[in-house]
Amino acid sequence: MKITKARFMVYGYKPPSNSRMKKEISMDSISGYFEYTGRDEAKDIEKEVEENETGYFGYTGSHTVGTSSSMGVLNTREDRKKFKKEIKKYFNKKGNICWDLVISLESDTEAARLSLETVDNWNSVMSDALPKIFKQYDLEYNNVLWWFDVHRNTEHPHVHLAFMEKHQTRFKGKISKAKLENVKRSIYTCIAARQKLAEKKGYDYREYFKIKDKEFNQLVTLVKGKDLSKLKTLNQLLDALPKTGRLQYNSYNMKKFKPVIDRIIDEIIFNSPDLKKQYDLLIERIDVLEGIMNEESDGISTLKEAELNKLHERIGNYILKNYKKTEKIKVKKETKVIRKVKYLNEKRLEGFIYSVALEQQNTINKSIDEYYKRMENNLIV
């Protein structure tokens with residue numbers, strides 16, 4: 001495995017010298033590149049690359065067997081259309097930066113040996129690698145719009161990874177050589193762990209992830225089967241949500257509400273015996289993977305954190321989509337008076353969020369302490 005290209009493109013400036021772009025980088029350059037790399041003929045590795053389309057989102061999506069993104073796997077034209085709108089929303093001003101990495105494997109044989117032949121296979125690698133990669137670029141994970149396409153149209157199977165900030169905080173595209181080496185090491189470490197799992201535990205990585213994903217989806221299904229309408233903390237949250245903007249777990253305007261949503265999700269899971277049992281099965285499965293990752297890397301793996309974030313995102317979006325604010329009805333004698341629930345004032349809401357944040361941090365610190373104790377006692381499974 002190696003990174004064959006590491007570039008960045010800046011809105012309003014000339015394209016990188018090693019790119020096929022000719023004109024000044026614009027909004028259409030990047031959104032079009034996405035379209036080009038995602039086109040259908042990429043799924044057939046016998047077909048030649050067409051070069052009559054332009055733009056980076058288009059290019060990365062051509063000759064691909066799948067596209068994954070910060071909005072999930074892009075399976076349909078509608079999915080790609082929505083994501084293209086997101087690109088144009090955040091890449092539209094002079095100085096906006098889009099970074100690009102091309103990760104290449106030696107051959108189809110290596111891809112098969114590592115079980116890295118589909119977008120789902122690569123998702124299992126990228127879920128752990130991306131937070132580490134973005135850290136080297138001094139980017140906050142939740143503030144990054146990203147996508148990657150898996151290509152099988154050349155002798156070397158490869159992945160195009162592109163990312164940009166939603167709200168720009170970095171205005172320099174280049175990173176140091178040392179940080180770029182850390183990026184390469186992060187990706188390699190996540191890939192090498194796949195081999196380590198088979199060697200040490202006797203598990204095929206692909207089958208193991210299928211089991212893990214099945215347990216993950218089973219937990220989400222169990223949550224969806226619960227009646228959450230009478231949950232007090234959930235109703236408090238719904239009363240306090242903003243009246244406008246996207247009510248999605250990872251949307252920018254929901255950032256300050258995420259600790260509250262996480263607290264509610266934990267309350268739902270840990271107060272229900274069947275949910276807690278399924279949750280423990282999932283965590284046990286993830287712990288095995290993370291133990292392998294820790295053996296391959298110098299620091300603590302972020303796989304478990306990424307999986308739990310994904311779980312909270314799935315459940316959080318389900319709650320935000322399916323549970324709405326209700327109205328209380330007060331009956332007095334023969335007259336019915338309808339009174340809308342009062343919104344929590346900002347000061348009370350901030351206090352509530354702050355208390356949840358402290359509790360979450362204490363839980364994280366406790367988990368890390370327990371993890372190190374387990375490492376010292378050689379009790380990791």
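Which residues in α11 are buried? This is a predicted model, and in it the buried residues of α11 are Leu 303, Ala 306, Glu 307, Leu 311, His 312, Ile 315, Gly 316, Tyr 318, Ile 319 and Leu 320.

Some of these names come back when we look at a neighbouring contact. Helix α9 (residues 258–270) and helix α11 (residues 303–322) have axes that come within 10 Å and cross at roughly 95 degrees. Angles from 65 to 115 degrees count as roughly perpendicular, and α9 and α11 are therefore roughly perpendicular to each other. On the α9 side, the contact is made by Ile 261, Asp 262, Ile 265, Asp 266, Ile 268 and Ile 269. They meet Leu 311, His 312, Ile 315, Gly 316, Ile 319 and Leu 320 in α11. Sorted by class, this contact of α9 with α11 has 8 nonpolar, 2 polar and 2 charged residues.

| Helix | Number of residues | Reach, first to last C-alpha | Expected at 1.5 Å a residue |
|---|---|---|---|
| α3 (residues 77–90) | 14 residues | 20 Å | 20 Å |

In α3, the buried residues are Arg 80, Phe 83, Glu 86, Ile 87 and Tyr 90. They cover an arc of only 115 degrees around the axis, which puts them on the same side of α3. An α-helix has 3.6 residues a turn, so residues three or four places apart point the same way. What does the face of α3 turned away from its buried side carry? There you will find the exposed residues Arg 77 and Lys 85.

How values were computed: Residues numbered from 1 in each chain as written. Predicted model: local features only at pLDDT ≥ 70, side-chain atom pairs only at ≥ 80, totals over all residues. Heavy atoms only, no water. Axes fitted to C-alpha atoms, helices over the stretch in contact; angles between N-to-C directions. Helix = DSSP H or I, 4+ residues; strand = E, 2+ residues; numbered from the N terminus. Parallel < 35°, antiparallel > 145°, perpendicular 65-115°, else oblique. Contact = heavy atoms within 4.5 Å. Nonpolar A, V, L, I, M, F, W, Y, C, P; charged D, E, K, R; others polar. Expected span 1.5 Å × (residues − 1). Buried < 20%, exposed > 50% of the residue type's maximum accessible area, 1.4 Å probe, protein only. Arc of directions from axis to C-beta.
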